[in-house]
Amino acid sequence: MHNGTGSLPFVQFKPIKNFTSPSSVSCIGLVGVLEVKPRPKPYAFIHSILGFSLFIYTSMNDMEHRKTNDGEGRRLDGEEEEEEEDEDEGNGRGLDAWERAYADERSWESLQEDESGLLRPIDNKTIYHAQYRRRIRSLYSSTTTARIQKGLIRYLYIVVDLSRAASEMDFKPSRMAVVAKHIEAFIREFFDQNPLSQIGLVTIKDGLAQCLTDLGGSPDSHVKALMGKLECSGDSSLQNALDLVHGYLNQIPSYGHREVLILYSALSTCDPGDIMETIQECKKSKIRCSVIGLSAEIFICRHLCQETGGSYSVALDESHFKELLLEHAPPPPAIAEFAIANLIKMGFPQRAAEGVISICSCHKEAKVGGGYTCPRCKARVCELPTECRICGLTLVSSPHLARSYHHLFPIPPFDEVSLSLLNNPHQRSSRACFGCQESLLIPGNKPTLCVACPKCKQHFCLDCDIYIHESLHNCPGCESFRHSKIVSVTEE
Amino acid sequence: MAPVPSKLYSDDVSLLVVLLDTNPFFWSTASLPFSKFLSHVLAFLNSILLINQLNQVVVIATGCNSCNFIFDSSSVPANPNLENGRMPALCSNLLQKLEEFVTGDEKLSKEVLAAGIGSSLLSGSLSMALCYIQRVFRTGPLHPQPRILCLQGSPDGPEQYVAVMNAIFSAQRSMVPIDSCVIGAQHSAFLQQASYITGGVYLKPQQLDGLFQYLSTVFATDLHSRRFLQLPKPAGVDFRASCFCHKNTIDMGYICSVCLSIFCKHHKKCSTCGSVFGQAQSDGNSATDRKRKTPET
């Protein structure tokens, strides 16, 4: 007797899209349809459900490297229930994950050959250090003793290209997602190094430029806007973005440095007018435009950067993009005519005592304790640095100013110690790194590569060199010897 | 050393870097004699090593002319002859190295210096501590939680302000708290700011005879357990700045947009960088007197 009432679905299974990784199989839910057998007994159903689900689970665990576009579905032995499976094709590429690793990620590029032709893995440490030395040398090549003036109060607009090209998937998961993630890290790093500066965000979509967030000094509002839903479509228009940014940057005070950073994914620009005129106007307003391209080098971007004095670079992959982006965090060398030196009135508020209740001016609600009091109008603000909403005074604390002092007093780059000097048995000081006490000798008492400070002549290992110049900005040797400090001051 | 299995590195393993102030100018006039101070500190260090077998202690001495590493509990004790039966090898190692350091430091003291008399080189020892901690971070994912404890008595040297602030910001980025225990007579503004910015504890004990009790109740706890304890909160950290012209603490001032120097009154020209205010410059003014001006807190 055939059951004509239709099939009762009680065990459901739906295969997960990509079966290829065994780990995805373990959390499977089962969707399907069981044809009801005649003579149904409750217990028989339960047994069949459990047996069926166990069978599916174990058999799927055995399957490895299945192709997802296997059209005829799985024929499982045992139960003769017919299962219908929805097999989505995924992105239709028809490749397994292990095949995609070769097609997209090009894993052969991470191999290197040594002198005799044998393969060896890449020694990341020396490469990293060599890159760092190149960067430091290019920064310091022209400024051995002179101190370059840097623009410390910066007003930066970040222009994000959300055109069709930003949905390309050569950066995983998509260019737009990668850009958003790295901009968030950049914003935090930027405010860490330039606490008195402000950032604004602009997007280009459908040929129009829109302001995502206004110029502000607090990272949270920008990060929140970035984490919201961003969609890409349409063309990209460089001229509209430049016009918009030019209009906003004309309103800022004259002592600030005006900068624009464009993250461009498209290969073209659709402009309503003459972009060369716009570029000339930006140049006249002293706006420094830099571009980071994600696809290929474009002439108009190169021209824009050359005219305005910015830098143009094209990212090769995600880590390179992050590196290029973070290079814009420290203040660039300032061109003196670009910003007029001025005295800016600032307030240094005191922290309010614990237990004081007042209405804060940023959230407009009563708060207990914490907070700072503006010295001019006595309004309460929650955090620093900020602008008092009542009287407009810029409020900072002395550590915020101190964060920028290392740009004004940089430490000189360390010199590499030549191996011939190291092999000299009279050199006692090269036994251990002065900063971290790590031994500078590899087994066999042969010295490894190390660097030395030109002022105090102490030896440091390569990792300490990178840490000292990128994060600490103090030479431990110069700081630990009082008399070397006095000598260096009187030498200038 | 054999690699330790990962489940032994629980949350409360700590690496404590102690910066010990050995400035003779301070200790000659201090209310607590240096020998008694050392006995409190040595007992404290022993108790840290007893709390957890994986804890590490590193001691750096802050002298008035130099700084150096004195003791590292993770290094293999080289000389077994130092165990003379009266005190354990930890103490005798440390004391011997400390004595060598102090005699060496005194020899470096050439002539009486006008600037910085009475202050020790806090910036130097902080920088060395941070470099050592970076080395610990590089050893891989299994490492103890580092923190720095400053036992400071000498007053702050204003010429070290920029270097100390650099070290504080670097510690904040690496998430290393700086605890301070001030033995001297007056509060230290540098250490108050350091502890506030990095999330450490600042304490000025009122009774120096009970120093060991202060150390073991406040500073011996590891970072994980601090969430469950009520530790001394900062009473009020003064973040106001001092003007460069009169060195007064000011509430509102004027900042040069080029070099960020602080002035209390409107000037025509910046005395640090030489930029003229209010008009466009024709060329970058690289002033002759551009040596390291020391802005004070």
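**Ground rules.** I number residues from 1 along each chain as its sequence is written, with chains lettered from A and ligands numbered from 1 in the order in which they are written. Since the model is predicted, local features need pLDDT of at least 70 and side-chain atom pairs count only at pLDDT 80 or more, while totals for chains, interfaces and linings use all residues, and side-chain values use heavy atoms, with hydrogens and water left out.

**Chain A, overall.** I looked up the secondary structure of chain A and found 16 helices and 23 strands, where helices (H or I, at least four residues) and strands (E, at least two) are DSSP runs numbered from the N terminus. Of the 492 residues in chain A, 44% are buried; buried means under 20% relative accessible area, exposed over 50%, and partly exposed in between, with a 1.4 Å probe and protein chains only. Among the contacts in chain A with a separation of 6 or more, 62% are between residues 24 or more positions apart, a contact being heavy atoms within 4.5 Å. The accessible surface of chain A is about 25800 Å², and carbon and sulfur atoms hold 53% of that area; the method is Shrake-Rupley with a 1.4 Å probe, and for residues only the protein chains shown count as cover.

**Annotated span.** I noted that an unreviewed UniProt entry carries the annotation "domain: VWFA" for residues 155-295 of chain A; such annotations may be inferred rather than shown by experiment. In the model this span is 35% helix and 28% strand, and its end C-alpha atoms lie 27 Å apart.

**Cis peptide bonds in chain A.** I found the bond from A:K172 to A:P173 to be cis, with omega near -10°, and A:P173 sits in the loop between β5 (154-161) and α5 (175-193) of chain A. The bond from A:L384 to A:P385 is also cis, with omega near -5°, and A:P385 belongs to the loop between β16 (380-381) and β17 (386-387) of chain A.

**Positive phi.** I looked up A:K457, which is not a glycine and yet has a positive phi of about 65°; this residue is in the loop between β22 (451-452) and β23 (459-460) of chain A and is exposed, at a relative accessible area of 54%. B:L260 likewise has a positive phi, near 60°, and lies in the loop between β9 (252-256) and β10 (262-263) of chain B, but B:L260 is buried, at 0% relative accessibility.

**A histidine in chain A.** I placed A:H407 in helix α12 (residues 405-408) of chain A, where it is buried at 8% relative accessibility. Apart from neighbours within four places in sequence, A:H407 touches A:K150, A:L152, A:Q193, A:P330 and A:P331.

**Helix α5 of chain B.** Twelve of the 14 residues are buried, among them B:Y161, B:F169 and B:S174. B:M175 follows the helix, with a positive phi near 60°.

**Open sheet of chain B.** I traced six strands in the order β3-β2-β1-β4-β5-β6, forming an open sheet with mixed pairing; two strands pair if DSSP finds at least two bridges between them. At the edges stand β3 (67-72) and β6 (202-203), each with a single partner strand, so one side of each has no neighbour in the sheet. Strands β1 (residues 14-21) and β2 (residues 56-62) of chain B are parallel over seven bridges, whereas β2(B) and β3(B) are antiparallel over five bridges and are joined by a hairpin through four residues. B:V59 of β2(B) is the bridge partner of B:V18 and also stands opposite B:F71 in β3(B).

**Aromatic rings.** I counted 13 aromatic pairs over all chains; rings of Phe, Tyr and Trp (its six-membered ring) pair if their centres lie within 6.5 Å, with planes under 30 degrees apart counted as stacked, over 60 as edge-to-face and the rest as tilted. The rings of B:F26 and B:W27 have centres 4.9 Å apart and planes at 65°, so this pair is edge-to-face. B:F26 is buried at 10% relative accessible area, and B:W27 is buried at 11%. In chain A, one aromatic cluster is formed by A:F414, A:F434, A:F460 and A:F481.
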